[in-house]
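Subject: Structure handover and findings

Hello,

Here is the structure for your files. Please open it next to this message as you read.

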Amino acid sequence: MPTKQNRLYAALRLVPMAAAASMLFLSTAHVAEANPHILVDVSTGRVLDHEEAFRKWYPASLTKLMTVYVTFRALQSGQVTLDTPVVMSKLSSSQPPAKMYFKPGQKLTLDNALKMMLVKSANDLAMAIAETVGGSEQGFVARMNAEAARLGMRDTHYINPNGLPGKGQYTTARDLAVVSVALRREFPQYAGYFSLEGFTNGVKQVQNINMLIGRFDGADGMKTGFICASGFNQIASATRNGRTLVSVVLGTDSLAARADDSANFLEKGFENQFSGRDTLASLQPYGTGQDEVADITADICSAKGAQHRSETRDPTGRTKVQSPYIHEMDHEPNLVYAGLIGGQDVATASKGDKDDVAAKGDKAVKGDKIAATGDITGIPIPMPRPTF
């Protein structure tokens, strides 16, 4: 039965399309001037649209896509299986939020660790997976950089498996598209990990913070990321009529903006509004910002940035979006089970996200629930409420 919120949304959708189209044009035009982005057809590798695609950027939790790629390669080679135990170490348990708060010695399967890491962007599980697959953080990071070089990600370097900030960790929109396309092409059997609507561990329910999943037609991945220095990033994928597109959007100023921009680029791509001829392989480096990694901390983690983000949330704290292509989820989220190996206490995984910004070492912006050293924390489950 339609909810009151869905009925309100249906009424809003009656706003003249000319007005919506005008707002979409303005939003997309702003993005093209301000932030790196790229839109790619997965099957052909054709670059449909791009701007500042070679500008060096902090990847934040988009890093976890390379963590997943290295792990999938290990699964392919038979080094590990989805049932391989992932054991939490002191190092992995000590990672800053976002995290699951598992204790050293607790175990879960690689399958469940991947689900939790991708849905919640859990930094502790990214490290635990890295130690399981690579033997150590250093061993795994060496694999990450080797795979990046093999794939032709010539402007990317990793220093950790979860995207926490540090010198020497950088990438570009073009390189992020390369690993995203490789994931979709080489490992179609694992594509379901990127489209999960959420998980439950028997105590806590966690929804995917990717606001396109279940709310944009055909959305099926892939990852979001945030640190102060990078702003709000998103790699989004969608499939319609057998055609899959991947959009990379970097450096937006809010949860709403990264969702809006991702949806708008993908929709225009499906409507064939772009006419790019280059492929990811043939696109040549261009533009400024190739020698130094951009740092937009002053714009994002400041009083001005917090004030701007407050304007993108309704009085209950839920995110408002502008794109006419993002709709309300028309069903209860489909949650998969992902928990510790049987017999362990799952209560330790239910620690509230409200505690994340208070974690030792984090720098929370007063009045704004974001942490300077991790992905988004302490924000209510996103329920898009389009405004026009």
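Below are the findings, from the whole chain down to single residues.

This is a predicted model, in which local features need pLDDT of at least 70, side-chain atom pairs count only at pLDDT 80 or more, and totals for chains, interfaces and linings use all residues. Residues are numbered from 1 along each chain as its sequence is written, and side-chain values use heavy atoms, with hydrogens and water left out.

**Overall**

The protein chain has eleven helices and ten strands. Both are DSSP runs numbered from the N terminus: helices are H or I with at least four residues, strands are E with at least two. Of the 388 residues, 57% are buried. Buried means under 20% relative accessible area, exposed over 50%, and partly exposed in between, with a 1.4 Å probe and protein chains only. Contact means heavy atoms within 4.5 Å. Among contacts with a separation of 6 or more, 71% are between residues 24 or more positions apart.

Helix α8 covers residues 173–186. Its 14 residues reach 20 Å from first C-alpha to last, close to the 20 Å expected at 1.5 Å a residue. The expected span is 1.5 Å times one less than the number of residues. Twelve of the 14 residues in α8 are buried. Among them are Ala 173, Arg 174, Asp 175 and Arg 184. The cover over the buried residues of α8 includes β1 (37–41), α3, α7, β7 (219–227), β8 (231–240) and β9 (243–252).

Helix α9 spans residues 255–270. It has 16 residues and reaches 23 Å, close to the expected 22 Å. In α9, 16 of 16 residues are buried. Asn 272 follows α9 and has a positive phi, near 55°.

**A helix pair**

Two packed helices are described by the angle between their axes and the distance between the axes. Helix α6 (residues 123–134) packs against helix α7 (residues 137–151) at about 85°, with the axes 7 Å apart. Therefore α6 counts as roughly perpendicular to α7. The cut-offs are under 35 degrees for roughly parallel, over 145 for roughly antiparallel, 65 to 115 for roughly perpendicular, and oblique for the rest. Axes are lines fitted to C-alpha atoms, for helices over the stretch in contact, and angles run from 0 to 180 degrees between N-to-C directions.

From α6, the contact uses Met 127, Ala 130, Glu 131, Val 133 and Gly 134. From α7, it uses Glu 137, Gly 139, Phe 140 and Arg 143. By class, that contact has four nonpolar, two polar and three charged residues. Here Ala, Val, Leu, Ile, Met, Phe, Trp, Tyr, Cys and Pro count as nonpolar, Asp, Glu, Lys and Arg as charged, and the others, Gly among them, as polar.

**The loop between β2 and α3**

Lys 56 sits in the loop between β2 (47–51) and α3 (64–77). Lys 56 counts as buried because its relative accessibility is 12%. A polar atom of its side chain lies 2.4 Å from the backbone oxygen of Gln 290. Beyond neighbours within four places in sequence, Lys 56 is in contact with residues including Asp 155, Tyr 170, Gln 290 and Glu 292.

Ala 53 is in the loop between β2 and α3. Ala 53 is at 0% relative accessibility, so it counts as buried. Its C-alpha is 8.0 Å from that of Pro 285, 232 residues apart along the chain. Not counting residues up to four places away, Ala 53 touches His 37, Thr 172, Arg 174 and Tyr 286, among others.

Ala 60 is found in the loop between β2 and α3 too. Ala 60 is buried, with a relative accessible area of 1%.

**Backbone points to check**

Most residues other than glycine have a negative phi, and most peptide bonds are trans.

- Ala 60 has a positive phi of about 50° and is not a glycine.
- Ser 121 has a positive phi near 60°. It lies in the loop between α5 (110–120) and α6.
- Pro 97 and Ala 98 are joined by a cis peptide bond, with omega about 0°.
- Gly 221 to Met 222 is also cis, with omega near 5°. Met 222 lies in strand β7.

Best wishes

Terms used
Polar contact = N/O pair within 3.5 Å; in protein donor to acceptor, adjacent residues only side chain to side chain.
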